[in-house]
Amino acid sequence: FWLVFLGELFLTTLGLGLIVVFFRLFEPNFILKNKDNWVFVVLFLFSLISFELTLFFAVEVLGNYFTALPLAFFLFMIPIATPSVIMHFLQKPTKAMLFSVAHGIAVALLLEKASLYGFFSCLCGIVGIMCIGQIRSRQDIYKAAFKTAGITALLSFVLMMCWQAKLPNSPWFPALDQHSIGFTLLMAALGGFLGGFVSVVLSVILVPIFESVFKYTTDLRLMELARMDHKLLRDMVFKAPGTYHHSLVVGSLAEAAAEALGCHALQAKVGSYFHDIGKTNRAEYYTENQKEGVNPHDNLSPQLSAKIIIAHVKDGVAMAKEHNLGQDIIDFIEQHHGESLVSYFYNKAQKIAAQPGSNDEVDEADFRYPGPKPQTKEIAIVSLADACEAATRS
């Protein structure tokens, strides 16, 4: 057994390694982070080990104890799509689909004579990925679970038809069921329905573990942040109410634009909510929070004013890290101004330097944000929405 297990483990690991090397050579933009590759491999191997243990429990324990039900019911009750759905939460759908295909091939190798089940596993994974889509509420999770359950039930029914309502005589299924064809098909479909539903529910339960261990910001995490009850946002309401309202408007603009362009609307909205949290440290220095007729910049040099304005990005990044918002949200804070110029104070400095008798020298670098420029479509959308809202406000 151990020789067979080690051989299968070696072949599986070799196959995963070849996939990674292939994409690094021919599609380098597809695989960007080593962390993603490690998560892919770890989840893949963990899912195969879990499948073998679950299969043993379902067939050898439940199947032998509940003899009134066909083994097919317990086979299809296994939440086979869970690993693919988890991968979809953590990474892009294309990577999740690749994971589902690789997982299906590995399952086919494990079951030998029941290799069609590997193709079934691949299809169930893709179905789960497509049904979960981009969730934005709890209702979306329930809908995805029922959709996955319904389609998995249909696939289970069809696979049992291909097997002529009898499981293949393999080491995993040593005893053939003696139930009627109609009853076996019905129970296979019911087991598939339960397996599909549990696949989505179980993935929602397990995803937070992968979030915390591998530092991902999934749609589930974004849904939590979108509730607007985070401590940083509550502080913004009291310390910088103008910035809070500004962030809400930017969020609405960015969400609508992202939906129109087919981008990640939820990520754009949540990124907008947190993009200016650094302003709460010195709220009175930003126009939207100033009381009429009171402007602290009137008593400061343009260089110092620009330094204070630019500092909200650095402050925001520090606050986001302190509260574990995740790198995806930090990217919005860090990149939404790109390398743009604080033009108001730059022009003011130039006017002062142009006055007779002035020896001031104006360095444009002192008035530019450190960047980098937006690296994703979602951050670029928020950057444009932020500039538009600020322009109309001023």
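**Reading the features**

Tutor: Cys122 is buried, as its relative accessible area is 10%. Keep in mind that this is a predicted model.

Student: How many disulfides does the structure hold?

Tutor: The test is the distance between sulfur atoms, with a cut-off of 2.5 Å. The structure has zero disulfides. Take Cys122: the nearest cysteine sulfur belongs to Cys124 and is 9.3 Å away, and Cys122 is in no disulfide.

Student: What is the closest cysteine sulfur to that of Cys263?

Tutor: That of Cys388, at 16 Å, which is too far for a bond. Cys263 counts as buried, with a relative accessibility of 10%.

Student: Next, packed helices. How are two of them described?

Tutor: By the angle between their axes and the distance between the axes. Here, take helix H13 (residues 302–322) and helix H15 (residues 343–354). Their axes are 9 Å apart, and the packing angle is about 170°. Angles over 145 degrees count as roughly antiparallel, so that is the label for H13 and H15.

Student: Which residues make the contact?

Tutor: H13 contributes Pro302, Gln303, Ser305, Ala306 and Ile309. H15 contributes Phe345, Lys348, Ala349 and Ile352. By class, the contact of H13 with H15 has six nonpolar residues, two polar and one charged.

Student: How many residues of helix H12 are buried?

Tutor: Buried means under 20% relative accessible area. In H12 (residues 265–274), ten of the ten residues are buried, so the helix is largely enclosed by the rest of the structure. Among them are Lys269, Gln267, Tyr273 and Phe274.

Student: What covers the buried residues of H12?

Tutor: The cover includes helices H9 (219–225), H10 (231–239), H11 (241–261), H14 (327–335) and H16 (377–393).

Student: Last, the rings. How many aromatic pairs does the structure hold?

Tutor: It holds 15 aromatic pairs. One is Phe210 with Phe214: the ring centres are 6.1 Å apart and the planes lie at 20°, so the pair is stacked.

Student: Why does spacing along a helix matter for reading such a pair?

Tutor: An α-helix has 3.6 residues a turn, so residues three or four places apart point the same way. Phe210 and Phe214 are four residues apart in helix H8 (residues 181–214), about one helical turn.

Student: Which residues do ring pairs link into a cluster?

Tutor: Phe51, Phe76, Tyr117, Phe120 and Trp163.

Notes:
Residues are numbered from 1 along each chain as its sequence is written. This is a predicted model: local features need pLDDT of at least 70, side-chain atom pairs count only at pLDDT 80 or more; totals for chains, interfaces and linings use all residues. Side-chain values use heavy atoms; hydrogens and water are left out. Axes are lines fitted to C-alpha atoms, for helices over the stretch in contact, and angles run from 0 to 180 degrees between N-to-C directions. Helices (H or I, at least four residues) and strands (E, at least two) are DSSP runs, numbered from the N terminus. Angles under 35 degrees count as roughly parallel, over 145 as roughly antiparallel, 65 to 115 as roughly perpendicular and the rest as oblique. Contact means heavy atoms within 4.5 Å. Ala, Val, Leu, Ile, Met, Phe, Trp, Tyr, Cys and Pro count as nonpolar, Asp, Glu, Lys and Arg as charged, and the others, Gly among them, as polar. Buried means under 20% relative accessible area, exposed over 50%, partly exposed in between (1.4 Å probe, protein chains only). Rings of Phe, Tyr and Trp (its six-membered ring) pair if their centres lie within 6.5 Å; planes under 30 degrees apart count as stacked, over 60 as edge-to-face and the rest as tilted.
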